[in-house]
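Trainee: I would like a close look at one part of this model, a ligand site and what lies around it. Please take me through it step by step.

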Amino acid sequence: MGREPQKIQGVPRHIGIIMDGNGRWAKQRGLPRTAGHKVGADTFQKITNYCAKIGVEVLTVYAFSTENWARPKEEVDTIMDLLRSYLKNSFKQTRKDIIVRFIGDRAPLAEDIRRMMADAEARTRDSKGMILNVAVNYGGRAEIVMAARELAQQAVNGELSPESITEELFSGELYTAGQPDPDLIIRPSGEHRISNFLTWQCAYSEFVDMNVLWPDFKEKHLDAAIEEFKSRDRRFGGI
Ligand code: IPE
Ligand code: IPE
Ligand code: MG
C-alpha cells in the first residue's frame with residue numbers, strides 16, 4: 001500500500017491499440033457518433049496513464065487513419081477538435097513521465113494543430129518514461145511509401161547503393177525508427193482486421209481482438225489482453 005506500482009512481469013514492451021467502436025457505442029445509445037468520440041478520448045487518456053504505470057515502454061494508438069477523411073465533415077471536425085483540446089490540456093506544462101510523438105502525415109492538418117503537436121513533442125522530448133505514439137493521418141502503406149521515397153532519393157543522390165538497403169535501414173526511415181516493433185496489437189470493437197495500422201512493424205505482433213467498444217474499454221480489458229498475450233507461444237518462424 002502506498003508504494004510505487006511494480007512493473008508487471010511479462011508486460012509487452014510495445015503495445016499498439018486500434019481505438020475502434022466509438023460510432024457503434026454512440027449508436028447503441030441513440031447518440032450522434034461524435035458523442036462516442038468524446039468518450040473515446042477520455043478512454044484514451046485513462047489507458048495511456050495506465051500503460052505508463054505498468055511499465056509499457058512504447059504505446060502506439062491509432063487515432064485517425066489516412067482513410068478516415070472519407071467520413072462526414074462534421075465527424076472529422078469533431079475528432080480534430082478533440083485532438084486540439086487534448087493538445088491544449090495535456091501539455092500545458094512539461095510532462096516528465098511521457099514522451100509524446102505524433103506519427104503520420106501532418107501536412108494536411110490544420111496549422112494550429114501542427115504547431116501544438118510540435119510544441120508537445122518539444123516539451124516532452126527529454127522526459128523519462130513511456131513513449132506515446134499518437135497516429136494521426138497515419139496509414140501503414142503511406143509510411144512505407146514515404147520510406148521508399150526517401151531511400152530512392154538518397155540513391156539518386158549517389159549517397160546509397162540499392163544493395164545496401166536492408167530491413168534495418170528501411171525500419172530506420174519509418175516514424176517508429178529506433179523503437180521495438182509492437183509485441184501486442186489490441187483491437188476492441190470485435191473487428192478482426194488491421195486497417196492499415198503499423199503495416200511494416202506488425203509482422204510478428206500478437207493480435208488480440210476484443211468484444212468491447214473503445215468507450216467502454218477499461219484497465220481490466222488491457223490486463224486481459226496482456227494475459228492473453230502471455231499465454232501465446234511466439235515463435236518468430238522458429239520451432
Ligand atoms: C474509431 O471508432 C475512431 C476513429 C476511427 C476515428 P469508429 O468511429 O470507427 O467507430 P465504429 O467502428 O464506427 O463503431
Ligand atoms: C481504424 O478504424 C482507424 C482508427 C481506429 C483510427 P476504422 O473504423 O477506420 O477501420 P475500418 O474502416 O473498420 O476498417
Ligand atoms: Mg471503426
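Which pocket is the space taken by ligand 2?

Mentor: Keep in mind that this is a predicted model. The space taken by ligand 2 is the largest pocket.

Start with the shell. Ligand 2 is surrounded by Ile18, Met19, Asp20, Tyr62, Ala63, Phe64, Asn68, Arg71, Arg187, Arg193 and Ser195. Strand β2, residues 58–65, gives the most to this shell, with 3 residues.

Now the polar contacts. Take Arg193 to begin with. One of its polar side-chain atoms lies 2.8 Å from an oxygen atom of ligand 2. Asn68 also reaches the ligand through its side chain, with a polar atom 3.0 Å from an oxygen atom of ligand 2. Then there is Arg187. An N or O atom in its side chain is 3.3 Å from an oxygen atom of ligand 2. As for cover, ligand 2 has 390 Å² of accessible area on its own, and the protein covers 78% of that.

Look next at Tyr62. It belongs to the shell around ligand 2. It is also part of an aromatic cluster, where ring pairs link Tyr62, Tyr138, Tyr175 and Phe197. The structure holds 10 aromatic pairs. Tyr86 and Phe91 show how a pair is classed: their ring centres are 5.4 Å apart and their planes stand at 85°, so the pair is edge-to-face. The cut-off for that class is a plane angle over 60 degrees. Tyr86 and Phe91 are both buried.

Back to the shell, and on to the loop between β5 and β6. β5 spans 184–187 and β6 spans 206–209, and Ser189 lies in the loop between them. Ser189 is not a glycine, yet has a positive phi of about 90°. Asn196 is not a glycine either, and its phi is positive at about 70°.

Burial comes next. The cut-off is under 20% relative accessible area for buried and over 50% for exposed. Pro188 has 0% relative accessibility, so it counts as buried. Ser189 is at 8%, so it is buried as well. Asn196 has a relative accessible area of 16%, so it too is buried. For a sense of distance across the chain, take Pro188 and Lys38. They are 150 residues apart along the chain, and their C-alpha atoms are separated by 17 Å.

Now turn to ligand 1, where some of the names return. There are 13 residues around ligand 1, and Asp20, Gly23, Arg24, Arg33 and Arg71 come nearest. Asp20 and Arg71 are also among the residues that surround ligand 2.

Follow those two residues into the contacts. A polar atom in the side chain of Arg71 lies 2.7 Å from an oxygen atom of ligand 1. For Asp20, an N or O atom of the side chain is 2.9 Å from an oxygen atom of ligand 1. Gly23 makes its contact through the backbone: one of its polar backbone atoms is 2.9 Å from an oxygen atom of ligand 1. The protein covers 87% of the 380 Å² of accessible area that ligand 1 has on its own.

The space taken by ligand 1 is, again, the largest pocket.

Glu121 lies in helix α4, residues 111–124. Its relative accessibility is 16%, so Glu121 counts as buried. A polar atom of the Glu121 side chain lies 2.9 Å from the backbone nitrogen of Phe102.

With 64% relative accessibility, Arg141 counts as exposed. Arg141 and Leu59 are 82 residues apart in sequence, and their C-alpha atoms are 20 Å apart in space.

Then step to Tyr62 and its ring cluster. Finish at Asp20 and Arg71, whose side chains also contact ligand 1.

Notes
Residues numbered from 1 in each chain as written. Chains lettered and ligands numbered in written order. Predicted model: local features only at pLDDT ≥ 70, side-chain atom pairs only at ≥ 80, totals over all residues. Heavy atoms only, no water. Phe/Tyr/Trp six-rings, centres within 6.5 Å; stacked < 30°, edge-to-face > 60°. Buried < 20%, exposed > 50% of the residue type's maximum accessible area, 1.4 Å probe, protein only. Near = heavy atom within 4 Å. Polar contact = N/O pair within 3.5 Å; in protein donor to acceptor, adjacent residues only side chain to side chain. Areas by Shrake-Rupley, 256 points an atom, 1.4 Å probe, with all protein chains shown as cover. 1 Å grid on protein atoms, 1.4 Å probe; cavity = no way out; pocket = protein on both sides within 12 Å on 5 of 7 lines; lining within 4 Å. Sits in = over half its atoms within 2 Å of the grid points. Helix = DSSP H or I, 4+ residues; strand = E, 2+ residues; numbered from the N terminus.
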